[in-house]
Amino acid sequence: MSQIKKVSRKQLSEMSGREVMRIAFIAYRKLFGYMKPYKGRFAMGAVFGVLAGLFNAVMIVGFQIIFTVVLPGSASHKQHVPFLGEVDPTEWVVKHLPFMHTLDQKAKEKEKEKEKEKTNPEAGSAAAPTGAAAANGTTAPASAPVDGAATTATASSPTPAATVAPATAPGAADTAKPEVKRKVTLPVVVFFAALIPLLLFIRGMLTYFSNYCLLWVGNQVLYDLRNDTFASLLRQSIGFYSRAKTGELIQIVFNQARIAQQNVVTLAQDLIQRPVAILSIFVTLLIYEPFFTISSLIVFPLCIGPVMAVGRKVRKAGAKEEEEAGRIMVTMHETFAGIRLVKSHAREKYEMGRFDRAAKKMQELIMRWSKALEIIGPIVEAVAALGIAAGLVYAWQRGIEAHTFLIICMALTQIYPHAKALSRIQLLMQKTVVATTSLFEIMEMKPDIEDAPNAEKLSRVRGEIKLNNVAFTYKKEDKKKGGFKKATNRPAVQNVTLDLKPGNFYALVGPSGSGKSTLFSLLLRFYDPDKGYITLDGHDIRRVTQDSLRDNIGVVSQDTFLFHDTIEENIRYGRLDATQEEIIEAATKAHAHEFIMQQEQKYDTMCGDTGSKLSGGQRQRITIARAILRNAPILLLDEATSAMDSEGEKIIQEALHNLIEGRTVIAIAHRLSTILEANQIIVMEHGEVSDMGTHAELLQRCELYQRLYHLQFKSGRVAPDEAVADVNLDEPYETDAIEAAES
Ligand SMILES: Nc1ncnc2c1ncn2[C@@H]1O[C@H](COP(=O)(O)OP(=O)(O)OP(=O)(O)O)[C@@H](O)[C@H]1O
């Protein structure tokens, strides 16, 4: 199967027909591939759909029989039923259904009695007026046949065919309705009338079963599509996420998958049920009245022009709809994620404006294409009415009976909804192609970082880390060439060679942008170095599985992200199979147990969205507890730069102390205490390691370190972004330590 690239509706509207067909073909093949596991249920849906379509023919024939049997005006009781020939339905029903036979006989006897009463008024208790007799379903003597058909029928059938008799009462001649001569008894009429809802019910149920099966398949496909897209997104590297817009990704996984599912179901329904229905109606009508049918449908091509024009309009208006939908999602996601920033800057109105503009634009676009789409209905109907008008002239000329004409008209109007549904297929296909290509582009996207084919599973390492002449430059997507190009000319990290011993504590210092975080990303294999390599206990990290590599590394960063879940579950995220005792032990070591027990729900307290119900220090201790539970031999620590009161600082320090024990630790140091605790300090500048040594050594020989130390720690400020330093120089431990170190 060929690779698929996301196409927008805008691109589609500008493509040649051939190109659209090619993309649609690939997209549909992939989408139908998703249906393969459910082909049994799909086939069932298709069979029911075909049966529902074919049942239209049964309905036409059924209605024809019912109307002719029940209503006056037909020439004969014998009906020409396609494929069955000449049959008398009344006779058949009475003969084959014993209860109908009894009911019919009783009704006939009653009629005879009433007739007797009428011809001999003295014999009956009272002479019923003719109108009343008619109302009771009795027959009246035919005195003035209205048409030839009626007279013939009277002669040929046991129960005389419809005739209209003038009112017998002389005075009532002007006012009373002419008496209608009934062809069949009331029970037979009720029986045939009951067939009408039955026929519609059967067709309804066939359509229901078909739709149910197809929707079932559609839902399975939606489930698979969403899972696969989400799984593929999770496989993508951090690099991908720094390029992608989260709102758009949510829109693709949620909305585009749903659009693809809905459209593919509708399309399957349209492509199976509609053509069969049209064909079965058409063929049946052809058998009944070939000339009438052809003359009524011949005007149909007149619809094609307007439908095509409307299709173009819809395509153009719909081209930007997805873009706007994506924009709405992005605005919503950014606003909710940055709600503190929005609120603190009082930017609610500004965000509302962004949302409103996108929503309004989308509403306009939807209205524009809905208007264009809805106009198809009246066009098709008007053209259809033209056909019926022409048919009426033909019916008059041929002397076609009214009920036959009505049935044909009814059947013809049944074709239009199907024709209308078929006319929107083009739009449906376009929407499906856009949705499907966005989904499959993500599914087929190769992650920037993948496990090597024979990647080995790294067991627990001792923690020896070696970087050998490592260089890395961030890349950005090259949309023109479809690949990647360097985001900047300057490497984020270069010529980095380090040999870090197991169990040692390394502090990483350097000005902002010197490459400290990038080094962490390379160790976690979020990116692969452009040059050089990194080993863990002698294993090149590109040759081991990403999971096993990351199982060996714990990370505690400034970004203390917590899930909207309980404290317990947030700590358990470090090791999913941890017991409650282990969680409490980790929380105790992280100095979090005390404050957790003070919460109303203790370990079951919800942390709030991204941990918003807890303080910064509490969040940090929970992340430390998580890392303690993870118990990885290597720890990457990105210290918080935010100011913290001395007591909070001390608690965190102690918690970290418990965490780092016995591990290889690399800490991006923002606190003097961290620096002083480190076995070695790595100084970085412009992505390179400019020096490495103990605090005392570096203070003596490294100019950059001296500068950093004085700016960051001695002056009480963090350079160069002027963030407030978190070191409290008044603290006896620290001042003593500084003096001791300086001396
Ligand atoms: N995702 C990215 N895409 C492109 N460039 C990036 C990306 N992340 C970082 N950079 C660039 O790489 C360089 C090193 O950044 P890095 O974040 O590693 O520095 P740092 O020393 O951790 O800075 P700080 O102390 O301010 O966090 C900087 O020039 C930065 O602009």
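Reply: What follows is a conversation about the main features of this structure.

Reply: This is a predicted model, in which local features need pLDDT of at least 70 and side-chain atom pairs count only at pLDDT 80 or more, while totals for chains, interfaces and linings use all residues. Residues are numbered from 1 along each chain as its sequence is written.

Me: How many helices and strands does the protein have?

Reply: Helices (H or I, at least four residues) and strands (E, at least two) are DSSP runs, numbered from the N terminus. In this protein they come to 29 helices and 18 strands.

Me: In what order do the strands of the open sheet lie?

Reply: Strands of a sheet pair through backbone hydrogen bonds, either parallel or antiparallel. Two strands are taken to pair if DSSP finds at least two bridges between them. Here 6 strands form an open sheet in the order β12-β13-β14-β9-β15-β16, and the pairing is mixed. Because β12 (553-556) and β16 (688-693) stand at the edges with a single partner strand each, one side of each is left without a neighbour in the sheet. From one strand to the next, the twist averages 20°.

Me: In which sense do β15 and β16 pair?

Reply: Strand β15 (residues 680-685) pairs with β16 in the antiparallel sense, over 5 bridges, and Met 684 stands opposite Val 689 in β16. The two strands form a hairpin with 2 residues between them, and His 686 in the turn has a positive phi of about 50°.

Me: Which other residues have a positive phi, and where do they lie?

Reply: Most residues other than glycine have a negative phi, and most peptide bonds are trans. His 591, although not a glycine, has a positive phi of about 55°, and its place is in the loop between α22 (580-589) and α23 (593-598). Lys 602 also has a positive phi, near 55°, and lies in the loop between α23 and α24.

Me: Are these residues buried or exposed?

Reply: A residue is buried if 20 or more other C-beta atoms lie within 10 Å of its own, exposed if 12 or fewer, and partly exposed in between, with C-beta atoms placed from the backbone. His 591 is buried, with 21 other C-beta atoms within 10 Å, whereas Lys 602 is partly exposed, with 13. Gly 399, in the loop between α16 (376-398) and α17 (402-423), counts as exposed because it has 9 C-beta neighbours inside 10 Å. Of the 743 residues of the protein, 36% count as buried.

Me: Which helices pack on the sheet?

Reply: Two residues are in contact if their C-beta atoms, placed from the backbone, lie within 7 Å. For directions, axes are lines fitted to C-alpha atoms, for helices over the stretch in contact, and angles run from 0 to 180 degrees between N-to-C directions. Helix α19 (residues 516-523) lies across β9 (505-509), β12, β13 (634-638), β14 (664-668) and β15, running at about 150° to β13. Helix α24 (residues 616-630) packs on the sheet as well, touching β12 and β13, and its direction makes about 175° with that of β12.

Me: Which residues have the most contacts inside the largest nonpolar core?

Reply: A nonpolar core is a set of buried Ala, Val, Leu, Ile, Met, Phe, Trp, Tyr and Cys residues joined through C-beta atoms within 7 Å. The largest has 73 residues, and those with the most contacts inside it are Tyr 506, Ala 507, Leu 508, Ile 624, Ala 625 and Leu 635. Leaving out residues up to four places away in sequence, Tyr 506 touches several residues, including Val 665, Ile 666 and Ile 682. A second, separate core of 63 residues includes Val 265, Ala 277, Val 433 and Ile 442.

Me: What span should helix α18 have?

Reply: The expected span of a helix is 1.5 Å times one less than its number of residues. The 20 residues of helix α18 (residues 425-444) should therefore span 28 Å, and its end C-alpha atoms are 27 Å apart, which agrees. Among the buried residues of α18 are Val 433, Phe 440 and Ile 442.

Me: Which residues does UniProt list as "transmembrane region"?

Reply: UniProt positions are given in the numbering used here, feature names are shortened, and annotations may be inferred rather than shown by experiment. The unreviewed entry lists residues 42-67, 184-202, 271-288, 294-311 and 372-396. In the model, residues 271-288 are 100% helix, with end C-alpha atoms 26 Å apart.
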